[in-house]
Amino acid sequence: HLLDTVTDEELDVGITPVRIRPYSSLRIPSGRLATEGTKLGDYVQVLGIDRIGILAYSGCQHWLNGTMCKFCDENPKRPEHISGMPSLNTLVDFDGDVSQWWEHYGPAYLDGIGYAFRTLLETEEIEPHKHLQLMAGNLVDIEAEWKICIQIAERLGSIRGLSTMDSYLNIVPPSDERRAVYLERAKELGFRNIAFNLEVIGDKRFREVCPGKAHLFGYQGMIDSLKDSVDYFGHGRVRSNFVLGAQPVGELLDGIRELAEQG
């Protein structure tokens, strides 16, 4: 309900909050690579009613060099914050070397993801559907981001086939020279959908709102990746998110219709 603070009246809005699942209170036990006592939700989350969500890591590298998307509300964690999910804020400890950073944090995180995913599937009914999303903030090293997400997808797939769920991979597009290899691999791993988020329509808008992405891929590079992905995943299984309010709505809808016509 909403509370009218003038009259102290409760106003029914017809909304029932999603119940907190027992899974949310479970923690990593002793004797594992994953950090003992960290929440299983640090590794695998339940979003809304029936979406399983996995983040490859916390953060986006564009925040580290000041080229983040203008709408983004990602926030750094306090130094004392403890989580099983590795944070890109600690990249500085490895002089920005993503490979060394992942070599340090990856094994424990993968162990936690596997344990949490298996526990979730064994203890909770995810219904009426079972969506699964693996996503990541951007890394300047595109190859490293894809390798990290492939490792995570392989760990998930060893427990439950990704093709058995409405699964989608939501990360940066692969580089031009590796596009075919990685799109094929994502399909082989069982992802039924793929998403590269444009956020806005139009090259000028893209450079204004998403300077980091624009520098890495360019607007046309993002569009080309979306178009090429239709050949691998099929019509209607290639997605892009947009931020309502980042540009005039009519301009946005015209661009969305044009993309939708191409699958």
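**Exercise 1.** Decide where Glu208 falls: buried, partly exposed or exposed.

*Solution.* Start with the scale: buried means under 20% relative accessible area, exposed over 50%, and partly exposed in between (1.4 Å probe, protein chains only). Glu208 has 36% relative accessibility, so Glu208 counts as partly exposed. Next, take its partner: the side chains of Glu208 and Lys204 form a salt bridge at 2.6 Å, N to O. Such a bridge needs a side-chain nitrogen of Lys or Arg within 4 Å of a carboxyl oxygen of Asp or Glu. Lys204, at 55%, is exposed. Helices here are DSSP runs (H or I, at least four residues), strands are E runs of at least two, and both are numbered from the N terminus.

A word on the model: it is predicted, so local features need pLDDT of at least 70 and side-chain atom pairs pLDDT 80 or more, while totals for chains, interfaces and linings use all residues. Residues are numbered from 1 along each chain as its sequence is written, and side-chain values use heavy atoms, leaving out hydrogens and water.

**Exercise 2.** Find which parts of the chain the salt bridge of Arg21 and Glu124 ties together.

*Solution.* First, the contact: these side chains meet at 3.1 Å, N to O. Arg21 lies in the loop between β2 (9-11) and β3 (45-47), and Glu124 in the loop between α2 (98-123) and β5 (131-135), so the bridge joins parts 103 residues apart in sequence. Then check the cover: Arg21 is buried at 18%, and Glu124 is buried at 12%.
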